[in-house]
Each structure stands twice: as structure tokens, then as C-alpha cells.
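Welcome, and please take a look at the model below. This briefing covers confidence and then salt bridges.

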Amino acid sequence: ALTMPAAEQERRMRRMRAQVDDHNIYRWAGSLLTAISKMVPDVADATPEAAAVPDQADESLEATEREIARENYFATLRLAAG
């Protein structure tokens with residue numbers, strides 16, 4: 001990079017900055033929330049209080065994974081709300 005022509009350095013720097021601008025924390029958070037919402041399809045009907053109480057009738061691994069995803073979703077929303 002040190003021996004690269006200045007024009008090439010500038011071109012690469014512009015390209016890198018555009019990449020960083022496009023892939024920021026807001027895009028990451030949106031992708032995270034989208035992925036979580038796909039894992040927990042009933043999250044719109046749930047409340048944080050209801051999500052905190054595990055379903056005692058279903059102790060399966062799938063139910064546990066849904067519960068963890070739901071808790072992560074609500075925790076992320078609480079953090080985003082400040």
C-alpha cells in the first residue's frame with residue numbers, strides 16, 4: 001500500500017469508506033432483529049413478562065431455543081429503547 005500510486009490509494013479508500021457507511025450498526029441491528037423475528041413467529045403476540053415464564057408443559061429443546069430467542073429479542077428492544 002505504501003508504494004501504491006496515490007490515485008489507487010484514494011480509489012480504494014473511497015471504496016472502503018462506502019463499505020463501512022453501508023454496513024453500520026443500524027444495518028447490523030436490523031439484520032439481528034429480522035433473524036430473531038424469523039425464529040420467533042409469535043413474538044408480536046407475546047409480552048416481555050410472558051416471555052420470561054417458560055412453558056412448563058413443553059420442556060423440549062426447540063421450546064428452549066424459542067424462549068432464548070424471545071428473551072434476546074426483548075432484551076435487544078429494551079437496549080435500543082434506552
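About how many helical turns separate Glu-8 and Arg-11 in helix H1? The answer is about one, because Glu-8 and Arg-11 are three residues apart in helix H1. Please keep in mind that this is a predicted model, in which local features need pLDDT of at least 70 and side-chain atom pairs count only at pLDDT 80 or more, while totals for chains, interfaces and linings use all residues. Residues are numbered from 1 along each chain as its sequence is written, and side-chain values use heavy atoms, with hydrogens and water left out.

**Confidence**
- The protein chain has an average pLDDT (the predictor's confidence in each residue, from 0 to 100) of 78, and 73% of the residues score at least 70.
- Helix H1 (residues 6–22) has the highest confidence, at a mean of 94, and helix H3 (residues 48–52) the lowest, at 56; helices here are DSSP runs of H or I with at least four residues, numbered from the N terminus.
- Where pLDDT is low, the predicted coordinates should not be read in detail.

**Salt bridges**
- Two salt bridges turn up in a search of the whole structure, each being a side-chain nitrogen of Lys or Arg within 4 Å of a carboxyl oxygen of Asp or Glu.
- Glu-8 pairs with Arg-11, with the closest N and O atoms 2.7 Å apart.
- Glu-8 also bridges to Arg-12, at 2.8 Å between the closest N and O atoms; these two residues lie four apart in helix H1, about one turn.
- Together, Glu-8, Arg-11 and Arg-12 make up a salt-bridge network.

**Accessibility**
- Glu-8 is partly exposed at 22% relative accessibility (buried is under 20% relative accessible area, exposed over 50%, partly exposed in between, with a 1.4 Å probe and protein chains only).
- Arg-11, at 39%, is partly exposed, and Arg-12, at 46%, is partly exposed too.
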